Amino acid sequence: MNAPAQSGDAHGLDDGLDTFPKLVRLNARRRPDKIAIREKDLGIWQSYTWSAYFEQARLIAQGLASLGFARGDRVAIIGDNRPQLYWAVMATQALGGVPVPIYQDSIEKEVEFVVDHAEARFAVVEDQEQVDKLLNVKARCPRLQHVVYDDPRGMRRYGDPCLMSLAELQELGKKFEAGHPNHFDDEMARGGADDVAIICYTSGTTGTPKGAMLSHRNLIVTARNAARFEGLGADEEILSYLPMAWVGDHIFSYAQAIITGFAINCPESAATVLHDLKEIAPTYFFGPPRIWESILTSVMVRVEDAVWVKRATVQLFLRLAQDIERRRLGRQPVALWQRLLYPLGNLLVYGPLKDNLGLRRVRRAYTAGEAIGPEIFLFFRGLGVNVKQLYGMTEASVFVTIQRDGDVRLDTVGTPITDVEIRLSEQGEVLFRSPGVFLGYAKNPEATRETLEDGWIHSGDAGFLGQDGHLKIIDRARDVGRLADGTLFAPKFLENKLKFSPYVREAVCVGQTRPWVTALVNIDLAAVGNWAERRNIAYTSYTDLAQKPEVYELIQREVERVNRSLAEDQALRGAQVRRFLILHKELDPDDQEITRTRKIRRGYIGQKYAPLIEALYSDRDHVPVEAKVTYEDGRAGTMRADVKIRDASVFAVPEAR
Amino acid sequence: MSQPAPARPLLEVDGVSVRFGALVAVNRVSLAIAPGEILAIIGPNGAGKTTLLNAISGFYHPYEGRIAFDSTDRTMLSPPDVAALGIARTFQNVALFKGMTVLDNIMTGRLLKMRGSFLLEALYWGPARRQELEHRAFVERIIDFLEIQAIRKTPAGRLPYGLQKRVELARALAAEPKLLLLDEPMAGMNVEEKEDMCRFVLDTNQEFGTTIALIEHDMGVVMDISDRVVVLDYGCKIADGAPEHIRKDQAVLDAYLGVAHD
């Protein structure tokens with residue numbers, strides 16, 4: 001823990017500017033009339049300036065102080081992105097307390113866990129929904145004393161003495177201020193860079209949530225480094241629509257907004273986000289892949305509904321844009337006619353489309369969290385939206401790597417930002433060290449020891465660094481294995497690559513302790529069916545279609561496309577798919593082959609399809625199967641099929657460019 | 001919430017009958033609604049519930065009896081006059097302007113409050129403009145209150161049924177009524193939509209102090225949200241009291257479950 005603190009010192013955080021409240025105060029002095037937060041309320045965007053931001057937060061702090069707030073007290077913060085809640089975060093920090101944001105859609109049990117574990121004495125929440133949860137868990141969280149709510153609706157008759165509206169709290173604050181004129185300034189002055197600024201509870205796929213403690217220094221240095229790395233200015237606009245409890249929102253909507261002084265915009269409600277996006281037209285935008293996907297889907301649905309002339313035009317130009325972008329990212333030359341056509345497309349399609357989506361002014365946007373499909377990535381980049389990949393973690397105050405402008409790739413997450421060091425463990429796990437590395441997990445030294453070693457974070461992700469310095473994440477470290485000859489084998493990475501093809505619905509890669517990699521593929525019945533119809537290939541059922549030689553040709557091309565891209569990576573070159581088969585039935589949660597959330601159950605599939613897998617490692621070119629299927633009504637039956645096996649070409653070196 | 005009607009009721013129905021030819025749909029029904037109360041009117045199909053509501057809102061005029069609102073007799077008023085007095089309603093079958101946006105539909109609820117000349121309105125100038133902005137601001141409060149921001153600009157006809165019902169409630173609230181008549185506000189809704197609607201009805205009562213009379217078939221809803229229940233059967237009032245009392249009333253059980261005639 002000393003190491004990051006020392007490296008942070010090198011950044012010389014000014015004594016007067018080493019916490020967020022102090023930085024907000026600076027904004028309130030330096031740019032008092034610049035807009036800091038907008039919120040769409042009653043159909044209109046209401047704005048608050050930086051001086052209003054600081055004033056409002058100060059009154060909340062005074063109110064909390066009048067209730068006996070002590071340094072180190074934790075404040076649970078629950079609700080949609082609202083100016084009042086961001087102010088409450090600052091108010092808490094100003095008094096030397098620690099805000100603990102909680103996901104607003106958490107069920108009571110989850111709220112109870114965090115409130116209890118964080119030992120929150122106060123809670124500042126949005127509305128009745130959250131108040132009800134807290135009143136129900138209060139009996140089991142004895143430390144919780146005060147619940148402050150912003151929207152009083154529906155609570156006129158609530159009599160619990162712990163309740164108070166935010167307006168009432170601020171009134172108390174005014175009275176308190178009259179009697180204690182120096183309290184607020186004194187408390188703010190006592191705050192320092194190494195105080196805990198926030199505790200973000202990470203859900204995690206296993207076990208109970210862990211509360212990552214980040215200091216002001218962690219957040220200020222990292223947010224500032226990333227802002228400089230990316231050239232952010234005070235004129236940025238962002239839409240704050242992702243949960244406040246998620247570290248990403250805290251970095252973008254709080255830390256970076258305060259450091260650079262840009263404006264954040266709170267949507268009217270969760271249901272209006274895409275509409276508000278259009279009205280705000282942000283210059284800086286973040287979305288996990290599912291958000292990009294849903295925007296793309298909304299476009300495609302409208303294209304399908306358009307008259308044929310428009311539809312044909314849009315599809316033609318979208319294909320052109322994606323083709324150009326693919327070449328650019330692959331450092332391949334773009335044909336002259338394509339370059340000449342692009343401006344026309346911009347006039348007819350790309351410009352209006354971006355305008356309609358609210359992405360016209362975007363200067364930089366990020367996608368992170370999981371792998372994004374290349375089609376989606378190319379779609380937005382083709383339109384001229386500068387979306388880039390980013391790799392980050394709560395424990396690192398988000399930023400680890402970012403793709404620089406002009407150095408964007410389809411399959412990497414970019415290069416380390418300023419002050420971040422990356423190395424790989426012998427097992428191929430990504431380790432990093434940076435000023436953003438967290439203080440540890442609250443009340444969980446054991447988990448902290450597992451994650452943090454000599455200042456290095458063990459990310460749990462397997463990846464490698466390319467010769468160009470780009471980090472590539474391939475899988476969760478615990479899923480990564482080795483082939484018999486010791487070559488790295490990352491099944492999920494390969495499967496994702498296969499699934500990026502519209503014709504592949506599911507794929508299971510086998511290779512652990514085997515001589516080479518093989519794949520069991522599920523075709524996408526809708527996409528391949530459509531493909532077959534256009535080629536006058538008749539079929540009766542999934543099983544029938546799956547075993548058509550033409551379909552095998554199609555999938556073989558997809559597999560070879562993946563192999564070709566694998567060949568470009570030294571570390572993955574050995575893990576190309578040598579043989580594959582198309583399964584005679586779709587993997588189905590009813591048959592326990594995948595989970596309800598469509599995660600592959602490797603162990604079970606390994607057993608169930610053992611004969612197929614053995615055949616993949618023999619020299620046979622087909623294998624008869626008999627499979628048990630469970631029908632929708634629960635009855636079981638058997639089906640027989642003859643499954644073909646194909647070899648796919650493997651590639652030795654990347655093609656010459 | 002659960003006090004019985006105090007001295008001066010908001011609405012008094014006194015011995016009201018409604019006839020269609022020889023058919024007596026409502027037969028000498030008397031009831032009173034206290035200010036701030038939520039009254040549920042229940043009864044088997046054809047009991048005369050909607051007819052009674054129509055008589056109160058001026059759609060039908062009673063054959064006999066008297067209806068007083070705010071201590072003033074208004075038995076024979078027409079629907080617009082009733083609305084001007086501060087009584088708004090929703091309908092059993094949704095009655096929205098299907099081609100108009102949700103916002104415009106709700107704005108029509110403000111029509112009675114609008115003053116000014118046709119010309120100024122058309123030019124959107126001076127007092128007309130100021131007035132429009134004031135009304136729009138009020139309507140936005142209702143939109144926020146009923147959480148329908150996302151469909152503000154959607155044509156009403158394109159909305160699912162549950163949302164249409166909510167928009168209808170919004171339009172009724174836009175008139176700032178003292179008394180709100182809801183004709184089966186939860187009919188045809190799923191459990192979640194019903195829960196939302198219950199919350200909106202209770203919140204309306206609390207936030208705006210609106211007195212509410214509603215017809216409802218879902219007994220769970222009735223028992224949960226109403227202060228008092230009136231039961232009609234074959235046009236006659238057969239019970240009137242607190243929900244827990246009505247639940248055990250023999251006459252009510254007979255009306256709903258039927259009685260064996262010896």
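Let me start in chain B, where B:Phe138, B:Val139, B:Ile142 and B:Ile143 of helix α5(B) meet B:Ala170, B:Leu173 and B:Ala174 of helix α6(B). Sorted by class, the residues of this contact of α5(B) with α6(B) come out as seven nonpolar, no polar and no charged. Please keep in mind throughout that what we are looking at is a predicted model. The two helices, α5 with residues 127–145 of chain B and α6 with residues 161–174 of chain B, pack at an angle of about 140 degrees, and their axes are 10 Å apart. An angle over 145 degrees would count as roughly antiparallel, and α5(B) and α6(B) are therefore described as oblique to each other. As for the handedness, α5(B) passes α6(B) in a right-handed crossing.

Staying with chain B, let me step back to its domains. Chain B is divided into domain 1, covering 1–86 + 177–262, and domain 2, covering 96–170. The centres of domain 1 of chain B and domain 2 of chain B, taken over C-alpha atoms, are separated by 28 Å. Where the two domains touch, eight residues of domain 1 of chain B are in contact with six residues of domain 2 of chain B. On the side of domain 1 of chain B that touches domain 2 of chain B, α2 (79–85) and α7 (191–207) of chain B each supply at least two residues, and the largest share of that side, three residues, comes from α7(B).

Now to chain A itself, which is divided into domain 1 (2–280), domain 2 (284–360 + 362–439 + 456–477) and domain 3 (480–647). Between domain 2 of chain A and domain 3 of chain A, the C-alpha centres lie 27 Å apart, and nine residues of domain 2 of chain A are in contact with eight residues of domain 3 of chain A. The elements that give two or more residues to the domain 2 side of this contact in chain A are β21 (456–465) and β22 (471–476). By class, the side of domain 2 of chain A that touches domain 3 of chain A has six nonpolar, two polar and one charged residues.

The next topic is a sheet in chain A. Five strands form this open sheet in the order β12-β13-β14-β15-β16 of chain A, and the pairing is mixed. At the edges stand β12 (284–286) and β16 (415–416) of chain A, each with a single partner strand, so one side of each is left without a neighbour in the sheet. β12(A) and β13(A) pair in the parallel sense over three bridges, with A:Phe286 standing opposite A:Tyr366 in β13(A). A:Tyr366 also stands opposite A:Lys388 in β14(A), which brings us to the pairing of β13 (residues 364–367) and β14 (residues 387–393) of chain A, in the parallel sense and over three bridges. In that pairing, the bridge partner of A:Ala365 in β14(A) is A:Val387. Helix α9 (residues 216–230) of chain A packs on the sheet, where α9 touches β13 and β15 (398–402) of chain A, and the direction of α9 makes about 30 degrees with that of β15(A).

How does α9(A) pack with α10 (residues 247–260) of chain A, and at what angle? The two helices pack at about 75 degrees, with their axes 9 Å apart, and that makes α9(A) roughly perpendicular to α10(A). From α9(A) the contact takes A:Leu219, A:Ile220, A:Ala223, A:Arg224 and A:Ala227, and from α10(A) it takes A:Ile251, A:Ala255, A:Gln256, A:Ile259 and A:Thr260. By class, the residues of the contact of α9(A) with α10(A) are seven nonpolar, two polar and one charged.

I will finish with α13 (residues 308–329) and α14 (residues 336–357) of chain A, which pack at an angle of about 130 degrees with their axes 10 Å apart. That makes α13(A) oblique to α14(A), and α13(A) passes α14(A) in a left-handed crossing. Among the residues that make this contact are A:Phe317, A:Leu318 and A:Asp323 of α13(A), and A:Leu341, A:Tyr342 and A:Gly345 of α14(A). The residues of the contact of α13(A) with α14(A) divide by class into 11 nonpolar, three polar and one charged.

Terms used: Residues numbered from 1 in each chain as written. Chains lettered and ligands numbered in written order. Predicted model: local features only at pLDDT ≥ 70, side-chain atom pairs only at ≥ 80, totals over all residues. Axes fitted to C-alpha atoms, helices over the stretch in contact; angles between N-to-C directions. Helix = DSSP H or I, 4+ residues; strand = E, 2+ residues; numbered from the N terminus. Parallel < 35°, antiparallel > 145°, perpendicular 65-115°, else oblique. Left-handed = near helix turned anticlockwise from the far one by under 90°. Contact = placed C-beta atoms within 7 Å. Nonpolar A, V, L, I, M, F, W, Y, C, P; charged D, E, K, R; others polar. Domains from an automatic or database assignment. Pairing = 2+ DSSP bridges.
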